[in-house]
Amino acid sequence: MLGIILVSHGNFANGILSSAEMIIGKQKYVDIVNFVDGESLDDLDKKIHSSIDKLRGLEGIFILCDIVGGSPFKQSSIISLKYNNVRVVGGINLPILLEVFMNRMSSIDENLSIMKKEFPNTLKEFNLKNNKNNFVKKGI
């Protein structure tokens, strides 16, 4: 089973999870990271690492972010470079989250393939094709 971490500006992650669970029921292995006003990027990093640690024993972890290129997406992308089974996707909305929840028993790669096919214009996967060290030094 895949773990899900919802990372967002403000309390968007709480709201979208609440809506999804209202539709398909309570979900296991989900954690939320809210990046709220007054927090630093270091605070955000600590929260993301803590969430990954909570879900580490699962087959894979999706970090689903609200805005591609926003601080939650950037920090999640940088952190994901340290793990083999963590994928980051930005542009999350309720239909995408429902699709992820309904396909959680699939592998992380199968789930990504389904999401890309179903939502080609909506979401963006962080996928580093070049040198990882170069990315960390220069940023996105």
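I began with Gly70, which sits in the loop between β3 and α3. I took helices (H or I, at least four residues) and strands (E, at least two) as DSSP runs, numbered from the N terminus. The model is a predicted one, in which local features need pLDDT of at least 70 and side-chain atom pairs count only at pLDDT 80 or more, while totals for chains, interfaces and linings use all residues. Residues are numbered from 1 along each chain as its sequence is written, and side-chain values use heavy atoms, with hydrogens and water left out.

**Entry 1. Gly70**

I looked up the accessibility of Gly70 and found 12% relative accessibility, so Gly70 counts as buried. For burial I used these limits: buried is under 20% relative accessible area, exposed is over 50%, and partly exposed lies in between (1.4 Å probe, protein chains only). I then checked Gly70 against His9: the two are 61 residues apart in sequence, and their C-alpha atoms are 8.5 Å apart in space.

**Entry 2. The chain as a whole**

I counted six helices and five strands in the protein chain. Read from the N terminus, the order of elements is β-α-β-α-β-α-β-α-α-β-α. Of the 140 residues in the protein chain, 47% are buried. I next looked at contacts (heavy atoms within 4.5 Å). Among contacts in the protein chain with a separation of 6 or more, 74% come from residues 24 or more positions apart.

**Entry 3. Helix α2**

I recorded that α2 covers residues 41–55, 15 residues in all, and that it reaches 21 Å from its first C-alpha to its last, close to the 21 Å expected at 1.5 Å a residue. The expected span is 1.5 Å times one less than the number of residues in the helix.

Which residues of α2 are buried? I noted Leu44, Asp45, Ile48, Ser51, Ile52 and Leu55. They lie on the same side of α2, because they cover an arc of only 130° around the axis. The arc is that of the directions from the helix axis to the C-beta atoms. As background, an α-helix has 3.6 residues a turn, so residues three or four places apart point the same way.

The face of α2 turned away from the buried side carries the exposed residues Asp42, Lys46 and Lys54. I traced the packing of the buried residues of α2 to β1 (2–9), β2 (30–35), β3 (60–65) and α3 (71–80).

**Entry 4. Helix α3**

I found seven of the 10 residues of α3 buried, so α3 is largely enclosed by the rest of the structure. The buried residues are Pro72, Phe73, Gln75, Ser76, Ser77, Ile79 and Ser80.

Beyond its neighbours within four places in sequence, Gln75 is in contact with Leu41, Leu44, Asp45 and Ile48. Lys74, also looked up in helix α3, is partly exposed, with a relative accessible area of 34%. Lys74 and Val88 are 14 residues apart in sequence, with 9.4 Å between their C-alpha atoms.

**Entry 5. Val7**

I placed Val7 in strand β1, and at 1% relative accessibility Val7 counts as buried. Not counting residues up to four places away in sequence, Val7 touches Val33, Leu44, Ile48, Ile63, Leu64, Cys65, Asp66, Pro72 and Ser76. For Val7 and Asp66, 59 residues apart along the chain, I noted a C-alpha separation of 6.8 Å.

**Entry 6. Cavity**

How many cavities of 30 Å³ or more does a search of the whole structure find? I found one. A cavity is a set of points, on a 1 Å grid over the protein atoms alone, where a 1.4 Å probe fits but cannot get out, and lining residues have an atom within 4 Å of a point. Grid points are joined across faces, edges and corners, and a volume is the space filled by probe spheres set on the points. The largest cavity has a volume of about 30 Å³. Its lining consists of Leu6, Val7, Ser8, Phe12, Ala13, Ile16, Leu64, Cys65, Asp66 and Ile92. The elements giving two or more residues to this lining are β1, α1 (12–24) and β3.

**Entry 7. Tyr29**

I located Tyr29 in the loop between α1 and β2. Its phi is near 60°, a positive value in a residue other than glycine. At 41% relative accessibility, Tyr29 counts as partly exposed.

Conventions: On a 1 Å grid over the protein atoms alone, a cavity is a set of points where a 1.4 Å probe fits but cannot get out, and a pocket is an open set with protein on both sides within 12 Å along at least five of seven lines; lining residues have an atom within 4 Å of a point.
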